[in-house]
Amino acid sequence: MKTWSKFLICICLLFTFHLPVQAHNIAIPKQAVNIKRAANLKNLVSGSTFIAYGWFDTSFQKQPLNKSVQGGKLVNFVQRLHVDKYLKGTGDKIINVLSTGIEPLPDPLHPLNRVYPGPMAEGRYVCFLKPVKGTELYTIVGGWQGVYPVYEGKTISLKEEGFPELNQLTLRQFEAKIKSY
């Protein structure tokens with residue numbers, strides 16, 4: 001009997017850690033995130049309340065929207081960003097980030113991914129963020145323009161989306177670059 005109880009507890013724990021975040025039940029807006037691309041890096045920096053370095057939870061909450069696009073339905077996602085350092089502004093150690101994506105997930109090269117990126121994959125990022133009016137959520141400024149993965153201690157500017165002057169910088173160099181604007 002003890003073995004059976006331990007087995008059930010282990011199964012429950014495994015499922016608990018792999019399910020979408022449910023514990024903090026955030027009210028998720030029912031409108032798609034409107035991504036406005038920044039004309040230049042100066043506008044991206046000035047249009048951001050925070051610029052944060054950290055990592056995203058792989059779990060998230062989601063809210064289906066009453067809108068379809070070619071190949072799927074739009075869904076709003078809320079994902080927690082664990083902030084290690086603020087490069088602009090200051091805030092909480094964990095912030096909730098809202099994004100709109102498509103389900104089922106389209107091919108990575110599909111053009112709709114530029115407009116509806118969905119939740120972020122596992123990894124470390126520098127993100128340009130601003131608050132979503134009327135909520136305690138934040139959204140990434142400029143869509144993919146506002147996301148810089150960090151690999152081996154250096155930022156990566158996403159091809160055709162990010163600003164090349166932010167490519168292959170250490171966090172210290174990245175911070176100095178954005179503070180010059």
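1. Start with helix α4, residues 171-179, in this predicted model. Phe 174, Glu 175 and Ile 178 are buried there. Buried means under 20% relative accessible area. Look down the axis of α4: its buried residues fall within an arc of 95 degrees, so they line one face of the helix. An α-helix has 3.6 residues a turn, so residues three or four places apart point the same way.

2. What covers the buried residues of α4? The cover includes one helix, α2 (41-46). It also includes the strands β1 (50-69), β2 (72-88), β4 (124-131), β6 (147-151) and β7 (154-155).

3. Now turn to the largest pocket. Its volume is about 610 Å³. The lining has 25 residues. Nearest the centre lie Leu 105, Pro 108, Asn 113, Pro 117 and Trp 144.

4. Which elements supply at least two residues each to the lining of the largest pocket? They are β3 (94-103) and α3 (112-115). Strand β3 gives the largest share, three residues. By class, this lining has 16 nonpolar, four polar and five charged residues.

5. The second largest pocket holds about 280 Å³ of space. Residues that line this pocket include Pro 29, Gln 31, Ala 32, Val 33, Asn 34 and Lys 36. Also in the lining are Leu 98, Lys 130, Pro 131, Val 132, Lys 133 and Thr 139. Sorted by class, the lining of the second largest pocket has six nonpolar, three polar and three charged residues.

Key: Residues are numbered from 1 along each chain as its sequence is written. This is a predicted model: local features need pLDDT of at least 70, side-chain atom pairs count only at pLDDT 80 or more; totals for chains, interfaces and linings use all residues. Side-chain values use heavy atoms; hydrogens and water are left out. On a 1 Å grid over the protein atoms alone, a cavity is a set of points where a 1.4 Å probe fits but cannot get out, and a pocket is an open set with protein on both sides within 12 Å along at least five of seven lines; lining residues have an atom within 4 Å of a point. Grid points are joined across faces, edges and corners, and a volume is the space filled by probe spheres set on the points. Helices (H or I, at least four residues) and strands (E, at least two) are DSSP runs, numbered from the N terminus. Ala, Val, Leu, Ile, Met, Phe, Trp, Tyr, Cys and Pro count as nonpolar, Asp, Glu, Lys and Arg as charged, and the others, Gly among them, as polar. Buried means under 20% relative accessible area, exposed over 50%, partly exposed in between (1.4 Å probe, protein chains only). The arc is that of the directions from the helix axis to the C-beta atoms. Contact means heavy atoms within 4.5 Å.
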